[in-house]
Amino acid sequence: SELLKSRLHTNFNDYVNEFRVKRVIEMFHDRQFDLFSIEAIGFEAGFKTKSVFYNAFKKVIQKTPGAYRKWLNAS
């Protein structure tokens, strides 16, 4: 925890959530998950609540999961 704070300027929860957000993005890019709801993908990535998932996603990506998925599908 001290190493994360001193070297990476983050805390343990944010560090773990960033990995989870990256996993969500991978699933958004995988056609296999097209029929999954956004919340189901968040839970699959390891988030325990919808609010923590949405807050972490927005903190890392600066967009909501829905806005990101919509942008991705429009591309």
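Buried means under 20% relative accessible area. The model shown in these close-ups is predicted.

**View 1. G42 is a buried residue of helix α3.** Helix α3 covers residues 38-44 and includes G42. The relative accessibility of G42 is 0%, so the residue counts as buried. Leaving aside residues up to four places away in sequence, G42 touches V24, F47 and F53. L72 lies 30 residues from G42 along the chain, and the two C-alpha atoms are 16 Å apart.

**View 2. D14 is a partly exposed residue of helix α2.** Helix α2 spans residues 12-29, and D14 belongs to this helix. D14 has a relative accessible area of 25%. Partly exposed covers values between the buried limit of under 20% and the exposed limit of over 50%, so D14 falls in that class.

View 3. Helix α4 comprises residues 50-61. The α2 and α4 axes come within 9 Å and cross at roughly 85 degrees.

**View 4. Helix α2 meets helix α4 through side-by-side lists of residues from each helix.** From α2 come D14, N17, E18, V21, V24, I25 and F28. From α4 come V52, F53, A56, F57, K59, V60 and I61. The residues of this contact divide into 10 nonpolar, 1 polar and 3 charged.

Technical notes. Residues numbered from 1 in each chain as written. Predicted model: local features only at pLDDT ≥ 70, side-chain atom pairs only at ≥ 80, totals over all residues. Heavy atoms only, no water. Helix = DSSP H or I, 4+ residues; strand = E, 2+ residues; numbered from the N terminus. Buried < 20%, exposed > 50% of the residue type's maximum accessible area, 1.4 Å probe, protein only. Axes fitted to C-alpha atoms, helices over the stretch in contact; angles between N-to-C directions. Contact = heavy atoms within 4.5 Å. Nonpolar A, V, L, I, M, F, W, Y, C, P; charged D, E, K, R; others polar.
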